[in-house]
Amino acid sequence: MLFGYALIAGVLFGLFYAFMSTGLNLLFGVLRLVNLAHGDIVVFGAYVAYSLSSMAGLNPLLAIPITIVPALAFGVLLYYGTVPRLNRSQDTEMASLILFFGVSQVLEAVATFAYGNNQASLSPTTFGGPINILGEHVPATWVVCGLLSIPALVVLFVYLYRSRLGMATRAVMASREEAAAAGINTRRVAALAFGIGVAFAAASGALTIFMLGGVNPSTGSELVLTAFTVVVIGSLGNPIGTVVGGLLYGLVFTFTKTYSPSWADIVPYLLMLVVLLVRPTGILGRRVRSA
Amino acid sequence: MEKTGRRWLAGSAATIALAAGGAALPSQPLGTATSVLLFVTLAQSWNIIGGFAGYPSFGQVAFFGVGGYCAAVLTAQVGFSFWAALPASAAFAAAFAAVVGPPLLRLRGNAFSIATLGMAAGTRELVAILGVTGGGAGLTVPTFGPGPHTAYPGALAFYWAYLALAAVSLAVVAWLSASRFGLALRAIRADETAAESAGVATTRTKVAALALSALLAGTAGALFAFQQVVVFPDSMFDITTTTLMVVIVVVGGRGTVAGPVVGAVVFETLVTELHLFASRLDPLILPALIVVGVVLLPDGVAHLLPVPPGAGRGGTPRARPRAVLLDAVRRYRL
């Protein structure tokens, strides 16, 4: 039955999209800037998984623990190397968009030098044959990747809602000035949030290579749009909104893919425009629309 | 008034000199000059919405692509001559902007930038699945054979065509800079809420600015499609085109008349030369320059230069939002 298949696949893809997009939202929430290099960092994670599997013969999912620490460090360094400079600009927002666009293109060029322009993909039967869920045969890779996104999201929520540092992070999200006035080292919190956002992006790369059926250097610019669509649907700066946005995006994507394949690539953008038109703040948004 | 007249005269003289000079250029520098002129137009297109209105569109290539595809469809499928398709494509791109503009322009800042990025990506996908555009396989603009087709005019003619378009864009922006419309855009950029309460019809003004910028980009796209002969979704909706527009204007100076021209000359020459001398490292060098440039000079080269006293509205409006706003209030007699 097509409907049940699309529904199950939609939820699995939705969980994955939520995981893949959440780093972008964390960065936006804390720093009010859009990391246009987000998608390219995801692609780097995907290439790590690809290399581990195709060159070293290891389990590609090992890429998740392997990339987290370097990605975190890269994110923190990138923060200290660029953001204090950007804050001196007359128009921080504009400068940051251009800067991260540049970073994105640099990463894309590096990926092209290292891996070429061809699609890098791993066997869709890496985790075994299709799994029977409620009578529908769903590829094992989708099930594994969809379910693995759940603990990743849980980790983020424990950090944000159950730890002192997470509380400080949310305080900075709510108001940077008031958080600083309350004695929070906003710069350190922001640097860490930046690192965590980048680490989440890189970690989700290992799943991306399976969910998208492969990656190439230019996949990154498509992914950042997908991630942003998910985040905007859910509402910018709201972590729970990203999960809602991810699920909605996943369902819309798989249903159009099932019933009208040629429209599957454009419907997500239409969805974003419709959400922006009806609710400029996103589904769970309370903030003003000038972000 | 006399000063303005002299400027127009100087502009026309420079255009004629460049037109004559082009004929003397060998083919390679002529190619570079042609692409510089294309980017003068595209940068001015971005300057209207991103510079004057302060709405950083990251989807400007959509209007370029829509204009190009409209010209290709009209000549290949409907049988228009290119000279009939050119104004039709420009109008279509502007109309397209007037349709997508209102929802997009409700957003501001980052949200607007990314929504426009999504709009451009969505437009490319739409073009890639429609039958009339030839889908992903592309479309060929007929340049010879029977019927009302326009013959392919050659490199020098395209140089002249892009020169004429660049001169028109420069004139449009120069007019805009001194007009009531431009003043309203600057007021919106300085403080939209205050501009609205001062009587500026903000939505209508912003949509008009986007449509005007799309008119220029669409015309350039139509010329580009004719020059390329074969158009593909990936070539007409190339995100790098948008990046270059943004970088050129930001480096050159946003909301100024001459800044984008300087930026276009510097950047397009750089891009073309880099491509000739280091084609392998080419995709790395330009973005690396952007990163280093933004980190070292977050406000662009234009901000290194002192704003001449009395430069008034030709300077950087953001530096004096209050002054601009008060000026707007006075002009609108409020």
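Start by selecting Arg108(B): at 29% relative accessibility, this residue counts as partly exposed. Keep in mind as you go that you are looking at a predicted model.

**Stop 1: around Arg108(B)**

Is Glu192(B) buried or exposed? Its relative accessibility is 8%, so Glu192(B) counts as buried.

**Stop 2: the other partner of Glu192(B)**

Next, select Lys206(B). Lys206(B) also makes a salt bridge with Glu192(B), here with 2.8 Å between the closest N and O atoms. This pair links distant parts of the chain too, with Lys206(B) in helix α9 (residues 202–228) of chain B and Glu192(B) in helix α8 of chain B, 14 residues apart. Lys206(B) counts as buried, at 5% relative accessibility. Show the three side chains together and you have one network, in which Arg108(B), Glu192(B) and Lys206(B) are joined by salt bridges that share partners.

**Stop 3: Arg124(B) and Glu125(B)**

Move on to Arg124(B) and Glu125(B), whose side chains meet in a salt bridge of 3.0 Å, N to O. Glu125(B) is buried, with a relative accessible area of 16%. How many salt bridges are there over all chains? The count comes to three.

**Stop 4: where the chains meet**

Zoom out and color chain A and chain B separately. Here 43 residues of chain A are in contact with 42 residues of chain B. Between them the two chains bury about 3,900 Å², 74% of it on carbon and sulfur atoms. In chain A, pick out Gln90(A), Ile98(A) and Phe113(A), which lose the most area to chain B and together make up 16% of what that side buries.

What about polar links across this boundary? Between chain A and chain B there are zero salt bridges, and the count of residue pairs in polar contact is one, with both residues at pLDDT 80 or more.

To finish, select α3 (63–86), α4 (92–115), α9 (219–234) and α11 (267–278) of chain A; each supplies at least two residues of the side that touches chain B. The most comes from α4(A), with 14 residues. Color that side of chain A by residue type and you will find 28 nonpolar, eight polar and seven charged residues.

Terms used. Residues are numbered from 1 along each chain as its sequence is written. Chains are lettered from A and ligands numbered from 1 in the order in which they are written. This is a predicted model: local features need pLDDT of at least 70, side-chain atom pairs count only at pLDDT 80 or more; totals for chains, interfaces and linings use all residues. Side-chain values use heavy atoms; hydrogens and water are left out. Contact means heavy atoms within 4.5 Å. Buried area is the accessible area (1.4 Å probe) that two parts lose on being put together, summed over both. A salt bridge is a side-chain nitrogen of Lys or Arg within 4 Å of a carboxyl oxygen of Asp or Glu. A polar contact is a pair of N or O atoms within 3.5 Å; within protein, one must be able to donate a hydrogen and the other to accept it, and residues adjacent in sequence count only if both atoms are side-chain atoms. Helices (H or I, at least four residues) and strands (E, at least two) are DSSP runs, numbered from the N terminus. Ala, Val, Leu, Ile, Met, Phe, Trp, Tyr, Cys and Pro count as nonpolar, Asp, Glu, Lys and Arg as charged, and the others, Gly among them, as polar. Buried means under 20% relative accessible area, exposed over 50%, partly exposed in between (1.4 Å probe, protein chains only).
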